[in-house]
Amino acid sequence: MNEPEQMEAGFENLDERVQIIDKLMDEYSDAILHLAYTYVKNETTAEDLTQEIFIKSFEKLHQFNERSTLKTWLYRIASNHCKDYLKSWHYRKITLNDKIFDYIPSRSKTEDEIIAKDEEDILANAVMELPLKYREVVFLHYYEELSLKEINKITAMNTNTLKTRLKRAKEILRQKMTKEAE
């Protein structure tokens, strides 16, 4: 089978679960990494979260009930895992530490100086600056090319809410891009 989501359920056999997770990792590891990055904005943390997401998926694979595709199920696990991470004490502590380091004058501003000047980088930065509720929908719809129906299954938000968030996100991005061009 080429498509992991076309595989049959009933993943009680350990070897079968290992094979399925291997295929899911081959197919979606980059996408899950990008999704995690949109939540945490840190490459190392996103890599760690991606590993945790696949471990969690392996552990929960026997609970997959075919009400969605494996892809949608995996994205939902990833989305929830990232949200849980953002709520965690560990993340809040790291964020506080980062803010403290921002006030230290000797800290290099290299990251800010490195930000690319072409439109694609500016747009990517603008997307990353969106509030999480808009960033999540923009990433899933425009970067992962998921339909609103698929995003609905991942986020459990109704379609009209998703449409509203996409529309509002585009308005915010348009304003930022216009301001950036001035």
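The structure is a predicted model. The protein chain contains nine helices and zero strands, and 34% of its 182 residues are buried. Its largest nonpolar core has 43 residues, and a search of the whole structure finds three salt bridges.

**Overall fold**

- Along the sequence, the elements of the protein chain follow the pattern α-α-α-α-α-α-α-α-α.
- Of the contacts in the protein chain between residues at least 6 apart in sequence, 62% join residues at least 24 apart.

**Helix α1**

- Helix α1 has a kink of about 65°, and the kink is centred on Tyr28.
- The end C-alpha atoms of α1 span only 32 Å, whereas a straight helix of 27 residues would span 39 Å at 1.5 Å a residue.
- At the start of α1, a side-chain oxygen of Asn13 comes to within 2.8 Å of the backbone nitrogen of Asp15.
- After α1 comes Lys41, which has a positive phi, near 55°.

**The largest nonpolar core**

- In soluble globular proteins, nonpolar side chains tend to be buried together.
- Within the core of 43 residues, those with the most contacts are Leu24, Ile32, Tyr75, Leu130 and Leu140.
- At least two residues of this core come from each of α1 (14–40), α2 (43–60), α3 (70–87), α6 (119–129), α7 (132–143), α8 (148–155) and α9 (159–181).
- Helix α1 supplies the largest share of this core, 10 residues.
- Leu130 touches Arg135, Val138, Ala169, Ile172, Leu173 and Lys176, when residues up to four places away in sequence are not counted.

**Glu136 and its surroundings**

- Glu136 lies in helix α7 and is buried, with a relative accessible area of 3%.
- A salt bridge joins Glu136 to Lys83, with 3.2 Å between the closest N and O atoms.
- Because Glu136 is in helix α7 and Lys83 in helix α3, this pair ties together parts that are 53 residues apart in sequence.
- Lys83 is partly exposed, with a relative accessible area of 26%.
- The side chain of Glu136 also makes a polar contact of 2.9 Å with the side chain of Ser79.
- Apart from neighbours within four places in sequence, Glu136 is in contact with Tyr39, Ser79, Lys83, Thr155 and Met157.

**The salt bridge between Glu129 and Lys176**

- The side chains of Glu129 and Lys176 form a salt bridge, at 3.5 Å from N to O.
- Glu129 is in helix α6 and Lys176 in helix α9, so the pair ties together parts that are 47 residues apart in sequence.
- Glu129 counts as exposed, at 53% relative accessibility, while Lys176 counts as partly exposed, at 25%.
- Lys176 is also one of the residues that Leu130 touches.

- Glu171 and Arg168 form a salt bridge in which the closest N and O atoms are 3.3 Å apart.
- These two residues, Glu171 and Arg168, are three residues apart in helix α9, so about one helical turn separates them.
- An α-helix has 3.6 residues a turn, so residues three or four places apart point the same way.
- Glu171 is partly exposed, with a relative accessible area of 29%, and Arg168 also counts as partly exposed, at 35% relative accessibility.

Notes. Residues numbered from 1 in each chain as written. Predicted model: local features only at pLDDT ≥ 70, side-chain atom pairs only at ≥ 80, totals over all residues. Heavy atoms only, no water. Core = buried A, V, L, I, M, F, W, Y, C linked by side-chain atoms within 4.5 Å. Buried < 20%, exposed > 50% of the residue type's maximum accessible area, 1.4 Å probe, protein only. Helix = DSSP H or I, 4+ residues; strand = E, 2+ residues; numbered from the N terminus. Contact = heavy atoms within 4.5 Å. Salt bridge = Lys/Arg side-chain N within 4 Å of Asp/Glu carboxyl O. Expected span 1.5 Å × (residues − 1). Bend = angle between axes of the 7 residues up to and from the residue. Polar contact = N/O pair within 3.5 Å; in protein donor to acceptor, adjacent residues only side chain to side chain.
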